[in-house]
Amino acid sequence: MIVIQNERARYGRQWLPRLRWGALLCAMVLIYGSHAPLISLSKVEGRVPFDPSSCVVMIELAKLLVSFAVLVTTGGISALLAPTSLFLVAPYAVPAVLYALNNNLVILMQAYMDPSSFQVLSNLKIAATALLYSLCLGKRLRWGQWVSLGLLMAAGVCHSYSSLDSADVGTAQRGAKLHITGHGLFLMLVYCCASGLAAVYTERVLKSQKLPLSLQNLYLYVFGMLINGLSSLSALASDKSFLEGYSWTVWAIVAGQAANGLLMSVVLKHGSGITRLFVISCSMLVNAVMSWAVLGLQLTFFFLIPLAMVALAAFLYYT
């Protein structure tokens, strides 16, 4: 009887972390997937009523405040007050710079390619992240895992093509065809590499320093606040107020993206950047389903192809 009870206790201890990890990943997928539908719901007369740069600052501020609250409640305030060096803190500025670069590249690339080409080609960041993960972190992937990541990228391309609506086709037929210039292709490669490097570098920093995660998040989001705050100075100088156009959907976006950023730091600290790729790929399918349920968008049979690809990719990678 004692042996049976010990086996049950050990079995329960093994499955509890897996259940928690699964719940965390499911929450991230739902938050990621709800981002685009929430933005659509926040539009007024077809336009976003708030300043995107102010929204980014509010997200960084929310993550900063939550990280500080967690640090205080877990008794880690002594680690914050302890003497530290610039050498220890400076690496946390790099991800903030890379993410700020990507945010500006997204806007800049629109002048060199159409939005549909951007949507399709941005899936190259899956390959960039996988290559940088293997090269920079010294992680050797099995051939089956490389195949699974290729399937993820193909699933993203298929989903992007399946989401091109009739308006895009009609525009193309009138002369504004799909296009991309040499400058656009170069900027896309920089965008994908910067996205992958930001994820890989953040994972390396979080795992290499034996500091409380809440303190590491605090360092990350202080730099995030500073850099994104500087980029939003133009919004402060305009006639609009900083929070003009904010509704319950905008605050839901802020809360969701802040929670997702905090959860992503847990994944990078205790998991890997590859797990992040699977979360993003699964979220695009959730996004399609939520857009169908909330916004009334139609799903076609073609939607089942990326769905099957993502499922097969997860099976190949984790088995």
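A: Helices α10 and α13 are roughly perpendicular to each other, a label for angles of 65 to 115 degrees. The model is predicted, so local features need pLDDT of at least 70 and side-chain atom pairs count only at pLDDT 80 or more, while totals for chains, interfaces and linings use all residues. Residues are numbered from 1 along each chain as its sequence is written, and side-chain values use heavy atoms, with hydrogens and water left out.

The axes of α10 (residues 182–208) and α13 (residues 248–270) come within 8 Å and cross at roughly 70°. Axes here are lines fitted to C-alpha atoms, for helices over the stretch in contact, with angles from 0 to 180 degrees between N-to-C directions. Helices are DSSP runs of H or I with at least four residues, and strands are runs of E with at least two, numbered from the N terminus.

The crossing of α10 and α13 is right-handed, that is, the near helix is turned clockwise from the far one by less than a right angle. On the α10 side, Ala 199, Thr 202, Glu 203, Leu 206 and Lys 207 make the contact; α13 supplies Ser 265, Leu 268 and Lys 269. Contact means heavy atoms within 4.5 Å. Sorted by class, these residues are three nonpolar, two polar and three charged.

As for the whole chain, there are 15 helices and zero strands. Of its 319 residues, 41% are buried, meaning under 20% relative accessible area with a 1.4 Å probe, protein chains only.

Technical notes:
Parallel < 35°, antiparallel > 145°, perpendicular 65-115°, else oblique. Nonpolar A, V, L, I, M, F, W, Y, C, P; charged D, E, K, R; others polar. Buried < 20%, exposed > 50% of the residue type's maximum accessible area, 1.4 Å probe, protein only.
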